[in-house]
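Here is a short note to read beside the model. Please keep the sequence and the structure open as you go through the points.

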Amino acid sequence: MRGLDASEVYGYLDRLADQMQAMDQALGESRSKNERLQAELQRVQAELDQYEEAGDRVNEQVVQMFSQAQLVVEEMVQDVSRDARERIGQAREHERRIVAEAMDTAGQQVRSYAQTAQVQMQTIVNSFATEVEHLGDTTTPPPPVEPTPGSFFDDTDSHTRFRNGRGPGTPG
């Protein structure tokens, strides 16, 4: 049997030591890289959390804005409805005034017409009264005309005239 060659053993140990050193260095680099990645991950998570919080705040603000906008719109609708009701009421009142004025004017016109008609009727009555008085002043009344049977309608053809001057016997 032969013994171990010391140079081979030392060479092997040197290579093993080099490999261990390389692995230790790689492990150190991996740990550094891992720590950097962990730090980056934490930073990104913190940033993400900030964005989520900001998003939540924005969502809350949006909800609040929409709620306020809805309240403003409802108030505007109430204002417009109230204004429309007031305008309709004013229009109806204006309509009532116009109708009342028209009725008053019509009543005045009817009263004026009635007064004019009354004056005209009074004038006619006075004229008839004057004519009756003149007729009563004559001393000899005209002889009464007594119609003969059958001649009442036959005799009128020659004496009847219409306002246009024509009568039943006139050509025309």
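**Notes on salt bridges and surface patches**

1. Arg 43 and Glu 40 form a salt bridge, with their closest N and O atoms 2.4 Å apart. The term here means a side-chain nitrogen of Lys or Arg within 4 Å of a carboxyl oxygen of Asp or Glu. Both residues lie in helix α1, 3 residues apart, about one turn of the helix. Helices (H or I, at least four residues) and strands (E, at least two) are DSSP runs, numbered from the N terminus.

2. A word on the source. This is a predicted model: local features need pLDDT of at least 70, side-chain atom pairs count only at pLDDT 80 or more, and totals for chains, interfaces and linings use all residues. Residues are numbered from 1 along each chain as its sequence is written, and side-chain values use heavy atoms, with hydrogens and water left out.

3. Which residue does Arg 43 also bridge, with closest N and O atoms 2.8 Å apart? The partner is Glu 47. Arg 43 and Glu 47 are separated by about one helical turn, because they are 4 residues apart in helix α1.

4. Glu 40 is partly exposed at 36%, and Glu 47 is partly exposed at 30%. The classes are buried (under 20% relative accessible area), exposed (over 50%) and partly exposed (in between), with a 1.4 Å probe and protein chains only.

5. Another pair sits in helix α1: Asp 79 and Arg 82. Their side chains meet in a salt bridge at 2.3 Å, N to O. The two are 3 residues apart, so about one helical turn separates them. Asp 79 counts as partly exposed at 35% relative accessibility, and Arg 82 does too at 39%. The count for the protein comes to 5 salt bridges.

6. Now the charged surface. Asp 49, Glu 52, Glu 53, Asp 56 and Glu 60 form a negative patch. Patch residues have over 30% relative accessible area and no salt bridge; like charges are joined within 9 Å, nonpolar side chains (Val, Leu, Ile, Met, Phe, Trp, Tyr) within 5 Å. Lys and Arg count as positive, Asp and Glu as negative; His and the chain ends are not counted. A charge is placed at NZ of Lys, CZ of Arg, CG of Asp or CD of Glu. Asp 49 lies in helix α1, which covers residues 6–137. Asp 49 is partly exposed, at 40%.

7. There is a nonpolar surface patch as well. Leu 4, Val 9, Tyr 10, Tyr 12, Leu 13, Leu 16 and Met 20 make it, over about 750 Å². Accessible areas come from the Shrake-Rupley method with a 1.4 Å probe; for residues, only the protein chains shown count as cover. Tyr 12 is placed in helix α1. Tyr 12 is partly exposed, at 47% relative accessibility.

8. Last, the whole chain. The protein has 2 helices and 0 strands. Of its 172 residues, 1% are buried. The accessible surface comes to about 16,400 Å², and 57% of that belongs to carbon and sulfur atoms.
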